[in-house]
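Dear colleague,

Please find the structure below, handed over for your records. A short account of the findings comes after it.

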Amino acid sequence: MLDWLQNIGKKSLRGFESTGRAAMFFVAVVRGMDVALIRFRLTLREIYSVGVLSIVIITVSGLFVGMVLGLQGYVNFAKFNAEESLGIFVALSLVRELGPVVTGLLYAGRAGSALTAEIGLMKTTEQLASMEMMAVDPIRRIIAPRFLAGIISMPLLAAIFSAVGIFGGYFVGVGLLGVDSGSYWSQMQANVDFSGDIVNGVIKSVVFGIACNWIALYQGYDAIPTAEGVSRATTKTVVHSALAVLGLDFVLTALMFGDI
Amino acid sequence: MTDTDIHISSEPLVEIRDLYFSRGELPIFKGLSLDIRRGQVTGFMGPSGTGKTTLLKLVGGQLKPSDGKVYIQGQDVNAISRASLFELRKRMGMLFQSGALLTDLNVYENVAFPLREHTKLPEQIIRDLVLMKLEAVGLRGARKLMPSQLSGGMARRVALARAIVLDPMMIMYDEPFTGLDPITKGTIVTLIKQLNNVLGLTSVIVSHDVEETLSIADYIYVISDGEIVESGTPASLRKSSSEWVQQFLNGYPDGPAPFHYPAPEYIQDLLAGR
């Protein structure tokens with residue numbers, strides 16, 4: 001019983017400690033952002049590796065999600081003879097929710113895990129330590145550019161996801177199931193609000209970008225420098241990012257669209 | 001201790017005073033005090049796990065001691081600001097055991113890395129400096145290779161070129177001879193000696209390779225269990241009366257440092273399984 005209590009105490013203390021370290025890490029990264037901004041070429045390289053290289057998976061997933069939305073939407077709207085509203089349904093689902101959320105989840109799996117493994121291995125192979133001994137701050141030189149690159153990439157990826165998804169819905173709804181092309185687009189244009197829907201979607205993806213990259217980079221930087229430690233950190237990145245994205249999505253949705 | 005050594009006259013660059021450090025519950029250093037003298041090759045020897053690498057990290061300010069001081073050129077490494085610590089580190093090179101080259105840059109860019117980070121030199125001068133340092137370690141022809149294409153010895157030589165590219169006043173070698181073939185080992189030994197003499201460096205070598213260290217060090221500290229067991233010139237060390245030092249230098253399997261990890265009586269242990 002006493003052991004059990006002691007265990008709970010130990011675990012929660014460790015949790016608090018880790019949260020504190022993560023918060024300090026975040027502050028250090030934000031304060032070390034100068035190099036990433038001044039030498040923007042460093043950031044561009046990272047945008048290529050976390051953003052550009054993620055485009056394929058984002059495009060393919062977006063296409064299929066859009067196609068499924070088109071199909072499901074059509075089947076259900078047809079019951080009420082409301083097929084013309086398919087465009088609104090597909091666009092709003094993607095722009096408000098699925099675009100940012102699924103992009104966040106895919107980003108965590110594709111780019112977040114890679115970031116954690118990269119930083120963790122740099123730590124394991126003493127590259128970070130050697131950089132410190134060369135009087136180069138790894139947070140400024142390595143972490144901050146990646147963080148900034150992730151935050152820039154995420155909304156762009158989410159936008160690509162939504163755009164491709166809308167075409168996927170068009171392809172299934174208009175191309176295969178015979179919804180009128182004009183009403184698909186005009187209904188969408190008439191009912192999707194720029195500031196209410198699109199901007200809120202972009203805000204969501206920026207927040208997810210901050211969360212996912214913070215988690216991924218922190219886990220890599222804080223990893224125990226062994227093969228096992230890096231593998232555990234990578235797993236944690238994917239799990240924590242997924243939970244963070246879904247949890248934050250609920251909070252943001254409630255704030256933006258909930259009227260609470 | 002033979003304090004009448006010839007080299008003792010030169011002033012210390014690094015002074016360590018009453019250093020205490022522990023990892024978790026395990027004490028690594030218990031009141032260590034020593035000097036590293038300017039212009040010399042100082043060797044630290046001792047069995048694996050005695051905290052030799054930890055000592056280098058304490059000197060470099062990467063770890064903080066639980067008590068005691070580390071002075072470099074009279075500056076207390078743990079009391080100065082992060083900016084001054086970084087200024088100090090620009091003048092210290094460190095050679096990690098693995099080389100610790102940046103894996104996403106090729107050999108040339110690895111050596112150029114400190115120059116690009118700390119100076120605004122034009123490309124032509126960076127190129128000249130990098131090629132000079134690569135020439136010094138004999139790898140000018142390997143400048144286009146990636147770290148993954150290098151052998152262990154080559155990686156260490158590239159790391160050495162990188163460590164001297166800013167012309168430091170001191171360079172610290174962490175196990176520079178471990179895991180190398182005899183030829184490469186000989187190359188590294190010669191390089192360390194040459195660099196020390198030609199560039200007027202102060203060198204610190206942490207190693208458990210007895211012959212190599214004795215052959216180039218001017219002064220040696222033998223460390224075990226967080227304390228200095230013996231110190232002196234290589235010649236005086238060989239004549240040491242300490243049984244432990246003799247065992248270490250000659251590699252006897254048993255002696256004051258026992259062959260067996262502490263365990264219950266052998267017979268009892270075997271019978272206990274029945």
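Predicted model: local features only at pLDDT ≥ 70, side-chain atom pairs only at ≥ 80, totals over all residues.

Residues are numbered from 1 along each chain as its sequence is written, chains are lettered from A and ligands numbered from 1 in the order in which they are written, and side-chain values use heavy atoms, with hydrogens and water left out.

Salt bridges

Over all chains, 29 salt bridges are found (a side-chain nitrogen of Lys or Arg within 4 Å of a carboxyl oxygen of Asp or Glu). One of them pairs Asp34(A) with Arg140(A), with the closest N and O atoms 3.1 Å apart. This pair links distant parts of the chain, 106 residues apart: Asp34(A) is in helix α2 (residues 33-38) and Arg140(A) in helix α7 (residues 138-176) of chain A (helices, H or I, of at least four residues and strands, E, of at least two are DSSP runs, numbered from the N terminus). Asp34(A) is partly exposed at 33% relative accessible area (buried is under 20%, exposed over 50%, partly exposed in between, with a 1.4 Å probe and protein chains only).

Glu132(A) and Arg89(B) form another salt bridge, the closest N and O atoms being 3.6 Å apart. Glu132(A) belongs to helix α6 (residues 127-133) of chain A and Arg89(B) to helix α2 (residues 82-89) of chain B, so the pair joins two chains. Both Glu132(A) and Arg89(B) are buried.

The sheet of chain B

Chain B has an open sheet of 4 strands in the order β2-β1-β4-β5, with antiparallel pairing (two strands pair if DSSP finds at least two bridges between them). Strands β2 (26-37) and β5 (75-76) stand at the edges with a single partner strand each, so one side of each has no neighbour in the sheet. Between β1 (residues 12-23) and β4 (residues 67-72) there are 5 bridges, and Glu15(B) has Tyr71(B) in β4(B) as its bridge partner. Glu15(B) also meets Arg17(B) in a salt bridge (3.5 Å, N to O).

Two single sites

Gln247(B) lies in helix α9 (residues 243-250) of chain B and is buried, with a relative accessible area of 7%. Leu5(A), by comparison, is in helix α1 (residues 2-31) of chain A and is partly exposed at 45%.

With kind regards
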